[in-house]
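Subject: Structure handover

Hello,

Here is the structure we talked about. Please open it before you read on, and keep it on screen while you go through my notes.

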Amino acid sequence: MAELTVKNLEKKASTISLRRKPRWGETIIQGLLFFSGFFSIFITLGIVYELGKEALLFFQMPGVDLLATLTTTEWKPHVNKFGIWPLLTSTLMTTLIAMAIAIPLGMGVAVYLSEYAIPKVRSTLKPILEILAGIPTIVYGYFALTFMTPLLREIFGKDVVQIYNTGSAGLVMGILILPLISSMTEDALSAVPRSLREAAYAMGATKLEVALQIVVPAALSGIAAAIIVGISRAVGETMIVAVAAGAGPNFTFSPFIGAETITGHIVRISGGDLSYDSIDYNSIFALGLFLFIITLVLNIISQAIVRRFREVYE
Amino acid sequence: MKEIAIVQGFENNLDSRNRKGIIWHVLFQASTIVGIIALIALMLNVIDSAFGYVAYEARMDPDSLTVDGIPVEDQSKDQLVALLQSTLSSGAYNKLDNETLFVDRSREEVFQLVVERIIRPKIVQVWKFWPSLTRSDEIRATVTREYPKAELDFVSWLTYDFVTRPQTSEPLTAGVRTAVLGSLWTILFTILLAFPLGVGAAIYLEEYASENWFNRIIQTNINNLAGVPSIVYGILGLAIFVRALERFTSGKMFGIVNLTSENGRTVLSAGLTLGLLVLPIIIINAQEAIRAVPRSLRNASFGVGATKWQTVWSHMLPNALPGILTGTILAISRAIGETAPLVVVGASTAISFDPSSPFSKFTTLPIQIYQWTSRPQEEFRSLAAASILVLLVLLLSLNASAVLLRNRFSRRF
Amino acid sequence: MALNNNFDQKYIIETRNLDIYYGSFKAVAGVNMRVERNAITAIIGPSGCGKSTLLRAFNRMNELYADTSIEGEVTFSGQDIYARDVDPVEVRYRIGMVFQKPNPFPKSIYENIAWTARIHGYKGNMDELVENSLRQAALWDEVKDKLKQSGLSLSGGQQQRLCIARALSIKPEVILMDEPASALDPIATLKIEELMQDLKQNYTIVIVTHNMQQAARASDYTAMMMLTNGESRSGTVIEFDETNIIFTRPKDKRTEDYVTGRFG
Ligand SMILES: Nc1ncnc2c1ncn2[C@@H]1O[C@H](COP(=O)(O)OP(=O)(O)OP(=O)(O)O)[C@@H](O)[C@H]1O
Ligand SMILES: [Mg+2]
């Protein structure tokens, strides 16, 4: 055994070479890994290309015109009216209502968990909020239609609140987005260095003063990012509005009246067997592209804010 | 001391500060409680619809089926088969016999057929769980007054049979087997696409990619894709998998002629669409898991002359795997709950046969919930509630396994 | 807090049999110490012997760490600061603290001071207060033209003096300093030491330091802390006396070893 080893060593020494050897296995694997990494670029290109192409076809169809789409307030495909405003206002309505719920509550939860709750309470509450975040949105849709809407109709009167309405969809969407905002905000709050809190406490600040006047301002950009991500999520949220907000575009600002959002419209239109190259088919691509651009811009802004925020503390 | 403070221009304001502190503390706590109440309300609302009284009328009076004084529910299997044979048209009877021979069916199954095909109960009214508990006398009175021929039963919409029965249009006999199988088939292709690509991309970004503009673009792109609304993926799937790759996704390319679906709206298309949707999430989670493996381990491996891939394969991956799997499971549970993209890709509304190949038409559990929720009748809401419970149990067990996995392996370093 | 005249006016903080716990771990045991008014008291001792822990117990900063508790008594001007009806906010208003690492708020230089005064209901002329505080901290001349700049834009030594100015703005009676100069260069350190001598006129200072010369130069009294040799490994004050006695003829052999550098 020992002899063998010595022999091997001798052999090795006599042919020693430090030159780079081709390692085909390594190269192939590296190529595959690179492909996996690059694949995500294909997805983005696919989205931009497919949505862009069909959206272009949409605007080339007879009777469709970009200017009219952006300026008129009727979306009636069967009579060739494609004004995006009714879809846009209801998307805005649901988003606004959702954020009116999710921002204050989400911030409240985050401040409570990060500044007030003792560790034991925090470690029980956080999983509960995670459950809330993990429930599929169709279940929230069911909740909106069978719980929130009857509740609203009970409160405001059955003749005021329609069976489908943006209010109930927006409120439930707020509950859906609450855990998203609270967990991102909490991350931002707990990234504020402990020494800052100590400084404030040592100056005789109360817990509230430390939380609201020192910690929250220091985490402001992280909180802003959380809010923007929340908005982007609300704009793209689909099943709640598809179930509860109403079928049929409707140019209204009343939260008690049914009105279809962009996403709700896409779902309803594609629910049947959509035939290729029909005007409906092309219109969902145009709407999809519109959604993609809005959410992309929002996400990019939020990431830029987060990056700057990190630089401050790292 | 107070006197000194006032001289200095400071006011003793501690009481009001503390009062304010308490008010806000209550507000913060209340926000948290609101969140928890919402969760409880959501669960109770589902449970409320999933159980309760049902009043139904038989289209054919079971009493008229009594033979020799034996009521139909006590008859033997042979008697029931004879009953089916004499009542159904011979075509319908033979079709049933062809599906599964009557000799191979159990008595329970045959009895089920008798109920479905001959007695055919029709729901006249349903009540939710809470009223069923608190106002049962009133409900009984209503039924005897308004539907004198109706039976009143307390039913659980969620039963073992509900999970194992195929979908039908009759609420009392509908089940979610078709939808559950559809979900599982779909997820299979989601995993096949997203897991290898996702883990590969994460390894590339964490271990191979150098810090340059190109790799930064890849990383930024992945982060952005994670924020794209799911419905946009549905539209992409419609354009790419359903339409452009129709020959592949419908199975024509492989010479498979599927009677049920001649277009690309198949399980395969749905799975691949969801695969694209969860890919960025899997990548981000896997990156985190890989980053958690200490640098020193890699250095140790490089230090004994291992190549990069040897290091990744035998040191980094085994240690990162629990984390990667946990992240993947969480991404998969997101995919299982997705509805919107599948509606766009073209989930079928009413199919009652189980998916049997990648090229089958499909429905999934969330789609089924969506459809039933959209029906105005109360009984379909109850079916939706029962399927929500099935879906939540499925997701809960997935999440539980992720947590177990994490706890089991997390104390490595 | 009501005034209480049954105490020796000479001493502002006193501890009696003070034990401090982190959970069940007794970090500091049996400290009996009297901090003289308008003097500088230094706390020295090897790393990990509980100096910071003891210092934080003087203004109830320990409570901000999970699961801490004390036994025994700490009095401030004769009152038990751990009594049930005492508000820690009130305690910290009168006993300020400066930390090892400068920690200005991420606000302007001006706001760092103004915010602190404002939360305590300061109604006087704010500009004046800011200027006075910065002058007392010997920082005014360096920052008077850039008061609107972020406190984080200053150098480390300037940041630390800003933190001192901030602490001074609410006119506490005691200032606790936990190694205030350890993150600073010798010149900045010297500035802080000179500053302490000025502040002595109006304030009581308790300072934790690892720097023997600093303790010898700057303080009037010195407390020597050391881990006890028992099983519990708690820290305690083994000798407390006038600084020149501690450094020239200590009674305890361990003190002598430590101050002459023969320790460990
Ligand atoms: N937050 C904490 N939780 C638990 N134990 C702690 C905590 N802070 C300090 N300790 C422990 O209490 C003991 C005393 O720590 P302390 O920080 O008071 O020492 P020190 O004398 O200030 O040391 P140094 O000179 O290094 O600052 C140490 O054993 C330390 O591990
Ligand atoms: Mg210390």
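Below are my notes on the ligand site and on the aromatic rings. Keep in mind that this is a predicted model.

**The ligand site**

Start with ligand 1. It is surrounded by 13 residues. The closest are S47(C), K51(C), S52(C), T53(C) and H210(C). By type, the shell divides into 5 nonpolar, 6 polar and 2 charged residues.

Which elements supply the shell? In chain C, β2 (25-36) and α1 (51-57) each give at least two residues. The most comes from α1(C), with 3 residues.

- The side chain of S47(C) has an N or O atom 2.5 Å from an oxygen atom of ligand 1.
- G50(C) uses its backbone: an N or O atom there lies 3.0 Å from an oxygen atom of the ligand.
- In E179(C), a side-chain N or O atom is 3.4 Å from an oxygen atom of ligand 1.

On its own, ligand 1 has 620 Å² of accessible area, and the protein covers 64% of that.

**The aromatic rings**

Over all chains, the structure holds 27 aromatic pairs. Two are worth a look.

Take F58(A) and F82(A). They sit edge-to-face, 5.1 Å centre to centre, with 90 degrees between the planes. F58(A) is in helix α2 (residues 24-60) of chain A and F82(A) is in strand β2 (residues 81-82) of that chain, so the pair ties together parts 24 residues apart in sequence.

Next, W309(B) and W313(B). This pair is stacked, at 5.7 Å centre to centre and 25 degrees between the planes. Both lie in helix α15 (residues 308-337) of chain B; they are 4 residues apart, so about one helical turn separates them. W309(B) counts as buried because its relative accessibility is 19%, and the cut-off is under 20%. W313(B) is exposed, at 54%.

There is also an aromatic cluster with members from chains A and B. Chain A gives F34(A), F35(A), F38(A), F39(A) and F42(A). Chain B gives Y204(B), W213(B) and F214(B).

**Charges over rings**

K207(A) is over Y116(A), 5.7 Å from the ring centre. R375(B) is over F380(B), at 3.8 Å from the ring centre.

Best wishes

Notes: Residues numbered from 1 in each chain as written. Chains lettered and ligands numbered in written order. Predicted model: local features only at pLDDT ≥ 70, side-chain atom pairs only at ≥ 80, totals over all residues. Heavy atoms only, no water. Near = heavy atom within 4 Å. Polar contact = N/O pair within 3.5 Å; in protein donor to acceptor, adjacent residues only side chain to side chain. Areas by Shrake-Rupley, 256 points an atom, 1.4 Å probe, with all protein chains shown as cover. Nonpolar A, V, L, I, M, F, W, Y, C, P; charged D, E, K, R; others polar. Phe/Tyr/Trp six-rings, centres within 6.5 Å; stacked < 30°, edge-to-face > 60°. Buried < 20%, exposed > 50% of the residue type's maximum accessible area, 1.4 Å probe, protein only. Lys NZ or Arg CZ within 6 Å of the ring centre and 35° of its normal.
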